[in-house]
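Please keep the sequence and the structure in view while reading.

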Amino acid sequence: ADSIKEELATELRVYFGDTTHSLWERLDGGWGYIRYTSFVHGRLDQTIDRFDEMVDSLLEAPGLIIDLRGNGGGFSRARTEIAGRFVAEKAALTYLQVRDPVVVLIDRGCFSACETFAGGLKTLDRVLVIGPERSGGGSGAVSGLRLPSGAVISFSWTVGWLPDGQQIESHGVAPDIVVRERPRDWAVGRDRVLQRAIKALEQGEAQPLVVEGQGD
């Protein structure tokens, strides 16, 4: 058991390193914005609590943007429990339910738990996914090694599918709305993907979840 724990800890250091703190804020227009950099924030319970803390701070927002760009994945159980915050079924009182419109941002750096989170909720028609291209296409349960140069060679030893039968490995998750990024945008600090997400919320492209018998 100790060897398994040590191996897991090593893999987490290799693939996630020192976890960058996620952040949340209110954007112009009142939209909630969560930059979720990894599905590993310390222990499993800390990872889930971290997300809940951010959502708690944005409960009064009229809509929510979850930015998963560059999120390499992490704990599969954290992915599952966090995704459960955005479905219609009732859950335990310690869980959160967000019924406002939700937009998820992805990019090529979105892998593993990040892909099954975004792709699963997309398949359930719960979120609108926006990004410049498909996600990375790595199912998860990653193994590999770090080279002396610092580069990481990784590969999946499982193959995953989304609820609609789409294979994630080598295919990734396709955005509902594709936003092409341009070098000049980066030069002036323009985030075209985030701007498109805000527009989607403003124009009602991301529809709120309607739960029968629980309307206003």
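## Surface and overall make-up

The protein exposes about 11,700 Å², of which carbon and sulfur atoms supply 52%; accessible areas come from the Shrake-Rupley method with a 1.4 Å probe, and for residues only the protein chains shown count as cover. The model is a predicted one, in which local features need pLDDT of at least 70 and side-chain atom pairs count only at pLDDT 80 or more, while totals for chains, interfaces and linings use all residues. Residues are numbered from 1 along each chain as its sequence is written, and side-chain values use heavy atoms, with hydrogens and water left out.

Of the 216 residues in the protein, 42% are buried, where buried means under 20% relative accessible area, exposed means over 50%, and partly exposed lies in between (1.4 Å probe, protein chains only). The secondary structure comes to 6 helices and 8 strands, which are DSSP runs numbered from the N terminus (helices H or I with at least four residues, strands E with at least two). Along the sequence they follow the pattern α-β-β-α-β-α-β-α-β-β-β-β-α-α. Among contacts (heavy atoms within 4.5 Å) between residues at least 6 apart in sequence, 72% join residues at least 24 apart.

## The sheet and its edge

An open sheet of 6 strands has the order 1-2-3-4-5-8, with mixed pairing; two strands pair if DSSP finds at least two bridges between them. Strand 1 and strand 8 (177-178) stand at the edges with a single partner strand each, so one side of each is left without a neighbour in the sheet. Strand 4 and strand 5 pair in the parallel sense over 3 bridges, and leucine 105 has isoleucine 130 in strand 5 as its bridge partner.

Arginine 26 has its place in strand 1 (residues 23-26) and is partly exposed, with a relative accessible area of 41%. Leaving aside neighbours within four places in sequence, arginine 26 is in contact with Trp31, Gly32, Ser57, Leu58, Glu60 and Ala61. The C-alpha atoms of arginine 26 and leucine 58 are separated by 7.7 Å, although these residues lie 32 residues apart along the chain.

## Aromatic pairs

The structure holds 5 aromatic pairs, a pair being rings of Phe, Tyr and Trp (its six-membered ring) with centres within 6.5 Å, counted as stacked if the planes are under 30 degrees apart, edge-to-face if over 60, and tilted for the rest. The rings of tyrosine 36 and phenylalanine 51 have centres 5.2 Å apart and planes at 85°, so this pair is edge-to-face. It links distant parts of the chain, with tyrosine 36 in the loop between strand 2 (32-35) and helix 2 (44-56) and phenylalanine 51 in helix 2, 15 residues apart.

Phenylalanine 51, buried at 0% relative accessibility, also pairs with phenylalanine 86, and because their centres are 6.1 Å apart and their planes stand at 75°, this pair too is edge-to-face. Ring pairs link Tyr36, Phe39, Phe51, Phe86 and Phe117 into a cluster.

## Helix 4

In helix 4 (residues 113-123), 8 of the 11 residues are buried, so the helix is largely enclosed by the rest of the structure. Among these buried residues are Cys114, Glu115 and Phe117, and the buried residues of helix 4 pack against strand 3 (64-67), helix 3, strand 4 and strand 5 (128-131). Just after helix 4, aspartate 125 takes a positive phi of about 60°.
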